[in-house]
Amino acid sequence: MENKKKLMVNVATCDIRDITEETLQSYENICINAAIILSSQKSQELIGRYGNVNMNAASVYVTEENVKVSIVNGSSEIGPENAPAEKTLLIVNGSLTVKPCDPAVLDNYVSAVINGRVLCPKSLSGFLSRATVNGSAELYPDGAVLLKNNTAIDRVFALRAKDTLYWAPRLLFLDPAVSADALRAKGARFDAKKVVIAESLVEKLIDLISEEAEVKIVPDGTAFVNDDASLDESLILRYGTKLYINGDLEVKDGAEKALPKLEYVFVNGDVSIYKEFAEQFFAVKPEYDDVKVIDRESVRKYDMVIEEKPIFKVDKALLERCPGGVLISECAMLKIAPDVPADLIIERLSVKECASVKCSPEQESAVCLVAEECGQILTAEKGEDEGEGGGILGSIFGGLKALANTKMINAADYKF
């Protein structure tokens, strides 16, 4: 009997829509590791009959054989100038702006997947009904000039303004020197999902702002901070004593000098604060989504902090060198060596926001105690190949130890 080979395909995008019975019969097993797999109803039925195909993918899209697939990584725009001539599945890993056009221009987009934010004219909202949006979707008025998110409508903007409607997800009216009369004389109007406006400008400008916009009135002199922030003296020196934080705010080390100067704070996110600063901070009457009050003495000081690694491995020697503990956070794959005792894991290891944590069955209960907000905890028996299992990354790295009778294909894209 003929000894069939195995096939392992490690790619970013794999198109299996034209896979044939001859190909399926040629291999004992086909393993596909990809970020994106393109399939069709016909190929799914064929693979189901043979049962020898294993697929590990972040996303699987089912579309017919005659549909072209367009994959865009990063920000992009679609409109009359780049309308597809044939039926197309559009996949965007980033933000997408749909430009004003006749709806028929977009008819050849049979479907779309946007992994990010999409901006679309209200008249083309039908396009979004054919799309899967893994992010936010914003509809803007037809004929509006699009501005960047968090655009400041200041004195310079007023000098350049045109007789048109301007739109952005969020607009900032914080400059007291902006001339409402100049904007009005030029015919400028504004629409946005959210508007942040200084108190002294409200009566002067409110008639230029769409009634649909959510308006947040802030004290004169408020500065917009477009990021997470820590309340300390350097923040006050840079932005002043009245703050709009578009992110999370920490009130921890260094806050003792900044708090007496703080006059106003709006946090478009969460606040984490040391207990000793809470009374003084809340006296300012801050606004926020959620707050976490922390006892400073309970905050653990680690000997080592590892962040944002694709793969990291913790062994016994590492933990023994760090009596103060090790913090692993925001890693895609964390592997814990079999030689690490459960009691050492509990004593010295902290794991936060990791996608996958791999350990032995004997370590699992200890890992569950020290892991916070992790996607999954995977277990493997002793002696099992560390690269096998564990989702896409595990399958890919396990495949690198493939047997000699395995055919390997490593490429950016592959089509059967």
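Helices (H or I, at least four residues) and strands (E, at least two) are DSSP runs, numbered from the N terminus. This is a predicted model, where local features need pLDDT of at least 70, side-chain atom pairs count only at pLDDT 80 or more, and totals for chains, interfaces and linings use all residues. Residues are numbered from 1 along each chain as its sequence is written, and side-chain values use heavy atoms, with hydrogens and water left out.

Q: Which residues of helix α2 are buried?
A: Helix α2 covers residues 41-50. Its buried members are Ser-43, Leu-46 and Ile-47.

Q: Within what arc do the buried residues of α2 fall, seen down its axis?
A: The arc is that of the directions from the helix axis to the C-beta atoms. The buried residues of α2 line one face of the helix, because they fall within an arc of 95°.

Q: Which exposed residues sit on the face of α2 turned away from its buried side, and what does the buried side pack against?
A: On the face turned away, the exposed residues are Gly-48 and Arg-49. For the packing, contact means heavy atoms within 4.5 Å. The partners of the buried residues are α1 (21-26), β2 (27-39) and β3 (53-62).

Q: Is the protein chain a compact globule or more spread out than that?
A: The chain has 13 helices and 33 strands. Its radius of gyration (taken over C-alpha atoms; the globule rule is 2.2 Å times the number of residues to the power 0.38) is 28 Å, well over the 22 Å that the rule gives for 416 residues. The C-alpha atoms fill a box of roughly 90 × 65 × 25 Å along the principal axes.

Q: How much of the accessible surface of the protein chain belongs to carbon and sulfur atoms?
A: Accessible areas come from the Shrake-Rupley method with a 1.4 Å probe, and for residues only the protein chains shown count as cover. The surface of the chain comes to about 21,400 Å². The carbon and sulfur part of that is 48%.

Q: Which residues are linked in a network of salt bridges with Asp-15?
A: A salt bridge is a side-chain nitrogen of Lys or Arg within 4 Å of a carboxyl oxygen of Asp or Glu, and the structure holds 16 of them. Asp-15 and Arg-17 meet in one at 2.9 Å, N to O. Asp-15 is buried at 8% relative accessible area, and Arg-17 is buried too, at 6%. Linked with Asp-15 in the network are Arg-17, Asp-18 and Lys-415.

Q: How many residues apart in sequence are the parts tied together by Glu-287 and Lys-216?
A: The side chains of Glu-287 and Lys-216 meet in a salt bridge of 2.9 Å, N to O. Glu-287 lies in the loop between α9 and β23 and Lys-216 in strand β16, so the parts tied together are, in residues, 71 apart.

Q: Is Lys-285, with its positive phi, buried or exposed?
A: Lys-285 has a phi of about 60° although it is not a glycine. The residue is placed in the loop between α9 (278-282) and β23 (290-294). With a relative accessible area of 68%, Lys-285 is exposed.

Q: What phi does Glu-373 have?
A: Glu-373 is in the loop between β30 (371-372) and β31 (376-379). The residue counts as exposed because its relative accessibility is 66%. Its phi is positive, in a residue other than glycine, and near 55°.

Definitions and conventions:
Buried means under 20% relative accessible area, exposed over 50%, partly exposed in between (1.4 Å probe, protein chains only).
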